[in-house]
Amino acid sequence: MSAPAIVPARGQQGAGTIGVVLVDDHAMVRQGLRSVLEREADLRVVGEAGSSAQALAVVASTAPDVVLLDLRLSPSTDNEGIDLCARLHQAHPEVALLVLTTVIDDQLVLEAIHRGARGYVVKEVDTSELVRAIRAVNRGESAFDSRSAAAMVRGINAESAAENRQLTEREQDVLRLLARGLSNRDIGKQLFISETTAKFHVGNILRKLQVSRRAEAVYVASKEGFI
């Protein structure tokens with residue numbers, strides 16, 4: 001399959017006009033998006049690209065306001081779009097990156113935002129919603145369709161839960177002694193801490209692992225690789 005051609009800018013955008021670069025590996029998708037977006041008086045497609053290398057070149061040469069970016073730029077991986085998002089954000093932090101893709105995944109949505117995207121919408125959204133998203137990210141706001149917003153919330157909750165389960169070095173020491181069946185008093189003696197402090201650490205371990213008994217804590221910890 002021949003490489004999609006880069007479409008260069010057709011001059012500077014007029015005042016109040018939002019310049020958009022389309023990044024998608026399918027030429028027909030780009031053509032369809034161009035047709036839809038240029039019906040809007042304030043939107044102008046100033047460039048197109050079908051690969052990461054082309055995207056970096058066309059964004060550098062056209063200085064758009066918004067880049068509309070598909071995450072799946074090759075059939076084999078979703079990471080290329082994520083990596084491109086990070087590279088574009090690093091090279092052009094003033095450009096608003098809006099993901100437009102078929103891929104909807106809790107962690108992928110979060111990763112795109114972490115890498116610099118201001119919004120994330122799926123290709124099934126209607127034209128008016130897409131146009132609103134482009135205008136929103138151009139104003140410096142965030143933009144998500146309902147599915148992407150729900151995925152982001154789930155991803156944030158999962159990320160928070162994972163962070164909350166992280167054990168300190170001292171808690172890991174206590175956990176290893178719990179696995180040997182030691183009491184709070186004996187744990188304290190082994191670690192040169194008071195029985196009250198040992199009990200406090202055990203309580204934190206139970207809370208973080210979301211269990212109520214010491215034996216459950218040992219089971220969960222061994223299953224998840226803490227010990």
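Colleague: Let's start with N184. Which residues does N184 touch, leaving out those up to four places away in sequence?

Modeller: In this predicted model, the contacts of N184 are E195, A198, K199, V202 and R214. N184 itself is found in helix α8.

Colleague: Is N184 buried or exposed?

Modeller: The relative accessibility of N184 is 14%, so this residue counts as buried; the cut-off for buried is under 20%.

Colleague: How should I read the packing of two helices?

Modeller: Two packed helices are described by the angle between their axes and the distance between the axes. Take helix α8 (residues 184–191) and helix α9 (residues 195–208): their axes come within 8 Å and cross at roughly 105 degrees. That angle is why α8 is described as roughly perpendicular to α9. On the α8 side the contact is made by N184, R185, I187 and G188, and on the α9 side by E195, A198, K199 and V202.

Colleague: What kinds of residues make up the contact of α8 with α9?

Modeller: Three are nonpolar, two are polar and three are charged.

Colleague: Could we go through another helix pair in the same way?

Modeller: Helix α1 (residues 27–37) packs with helix α5 (residues 127–138) at an angle of about 80 degrees, and their axes are 11 Å apart. This makes α1 roughly perpendicular to α5. From α1 come L33, V36 and L37, and from α5 come T127, L130, V131 and I134. The contact of α1 with α5 has six nonpolar residues, one polar and no charged.

Colleague: And what is the general idea behind a nonpolar core?

Modeller: In soluble globular proteins, nonpolar side chains tend to be buried together. Here the largest nonpolar core has 27 residues, and V21, V23, V67, L84 and Y120 touch the most other members. Among the elements that each supply at least two residues of this core are β1 (18–23), β3 (66–69), α3 (79–91) and α6 (146–164). There is also a second, separate core of 22 residues, which includes V20, A133, I134 and A136.

Colleague: Which residues does V67 touch, not counting those up to four places away in sequence?

Modeller: V67 touches V21, V23, V59, L88, V95, A96, L97 and L98.

Colleague: Now the sheet. In what order do the six strands lie?

Modeller: The order is β2-β1-β3-β4-β5-β6, in an open sheet with parallel pairing. The edge strands, β2 and β6 (143–144), each pair on one side only. Strand β5 (residues 119–122) pairs with β6 in the parallel sense over two bridges, and Y120 stands opposite F144 in β6.

Colleague: Which strands does α1 touch as it packs on the sheet?

Modeller: Helix α1 touches β1, β2, β3 and β4, and its direction makes about 170 degrees with that of β2. Helix α3 lies across β1, β3 and β4, running at about 170 degrees to β3.

Colleague: Last one: which residues of helix α10 (residues 214–223) are buried?

Modeller: They are A217, V218, V220 and A221. The buried residues of α10 pack against α7 (169–179) and α9. Just after α10, look for G225, which takes a positive phi of about 85 degrees.

Notes
Residues are numbered from 1 along each chain as its sequence is written. This is a predicted model: local features need pLDDT of at least 70, side-chain atom pairs count only at pLDDT 80 or more; totals for chains, interfaces and linings use all residues. Side-chain values use heavy atoms; hydrogens and water are left out. Axes are lines fitted to C-alpha atoms, for helices over the stretch in contact, and angles run from 0 to 180 degrees between N-to-C directions. Helices (H or I, at least four residues) and strands (E, at least two) are DSSP runs, numbered from the N terminus. Angles under 35 degrees count as roughly parallel, over 145 as roughly antiparallel, 65 to 115 as roughly perpendicular and the rest as oblique. Contact means heavy atoms within 4.5 Å. Ala, Val, Leu, Ile, Met, Phe, Trp, Tyr, Cys and Pro count as nonpolar, Asp, Glu, Lys and Arg as charged, and the others, Gly among them, as polar. Buried means under 20% relative accessible area, exposed over 50%, partly exposed in between (1.4 Å probe, protein chains only). A nonpolar core is a set of buried Ala, Val, Leu, Ile, Met, Phe, Trp, Tyr and Cys residues joined through side-chain atoms within 4.5 Å. Two strands pair if DSSP finds at least two bridges between them.
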